[in-house]
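Welcome! Take a look at the sequence and the model below, and then read on.

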Amino acid sequence: MAVVELALLPVRPGHEAAFETAVAAARPLIEVSPGFLGLEIRPPLEAGQPYLLIAHWRSVADHRDGFRRSDRYERWRALLHPFYDPVPAVSYFGEPL
């Protein structure tokens, strides 16, 4: 079963361009993670709205216990988390009904 991870990324106003540059630098860190299947980060169409993160994993454990406990996640976090206010919550979803 594939898992979809969703998060709304509230980027600090005025830092959107720097955030998008940081995403490009961080992307290779997640792409080599075991169980990783794909990533989309979509920009908002209206000012002041969050970015949308959609990640695909083989399992929740691949994300939570694999990537999030890795040194790659620590680098991911150092690159991206300074842009968030507040830190985003993550939700997981299963296969479509």
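How are α1 and α3 oriented to each other? Keep in mind that this is a predicted model. The two helices pack at an angle of about 175°, and angles over 145 degrees count as roughly antiparallel, so α1 and α3 are roughly antiparallel to each other.

**The helix pair**

- Helix α1 covers residues 16–31 and helix α3 covers residues 71–80, and their axes lie 9 Å apart.
- On the α1 side, the contact is made by Phe-19, Ala-22, Val-23, Ala-25, Ala-26, Arg-27, Leu-29 and Ile-30.
- On the α3 side, Arg-72, Arg-75, Trp-76, Leu-79 and Leu-80 take part.
- Sorted by class, this contact of α1 with α3 holds 10 nonpolar and 3 charged residues, with no polar ones.

**The sheet**

- Strands of a sheet pair through backbone hydrogen bonds, either parallel or antiparallel.
- Here, 4 strands make an open sheet with antiparallel pairing, and their order is β2-β3-β1-β4.
- At the edges sit β2 (36–42) and β4, each of which pairs on one side only.
- From one strand to the next, the twist averages 15°.
- The antiparallel strands β2 and β3 are joined by 6 bridges.
- Ile-41 has Leu-53 of β3 as its bridge partner.
- Helix α1 packs on this sheet and touches β1, β2 and β3, while its direction makes about 175° with that of β2.

**The largest pocket**

- Rolling a probe the size of a water molecule over the atoms shows where empty space is left.
- The largest pocket holds about 180 Å³ of space.
- It is lined by 17 residues, of which Glu-5, Leu-53, Arg-68, Trp-76 and Val-90 are the closest to its centre.
- Two of these names have come up already: Trp-76 belongs to the contact between α1 and α3, and Leu-53 is the bridge partner of Ile-41.
- At least two lining residues each come from β1 (3–9), β3 (51–57) and α3.
- Strand β1 gives the largest share of the lining, with 3 residues.
- By class, the lining has 13 nonpolar, 2 polar and 2 charged residues.

**A loop residue: Pro-82**

- Pro-82 is found in the loop between α3 and β4 (90–93).
- Leaving aside residues up to four places away in sequence, Pro-82 touches Arg-12 and Arg-77.
- Pro-82 and Ser-33 are 49 residues apart along the chain, and 22 Å separates their C-alpha atoms.

Technical notes: Residues numbered from 1 in each chain as written. Predicted model: local features only at pLDDT ≥ 70, side-chain atom pairs only at ≥ 80, totals over all residues. Heavy atoms only, no water. Axes fitted to C-alpha atoms, helices over the stretch in contact; angles between N-to-C directions. Parallel < 35°, antiparallel > 145°, perpendicular 65-115°, else oblique. Contact = heavy atoms within 4.5 Å. Nonpolar A, V, L, I, M, F, W, Y, C, P; charged D, E, K, R; others polar. 1 Å grid on protein atoms, 1.4 Å probe; cavity = no way out; pocket = protein on both sides within 12 Å on 5 of 7 lines; lining within 4 Å. Points joined across faces, edges and corners; volume = space filled by probe spheres on them. Pairing = 2+ DSSP bridges.
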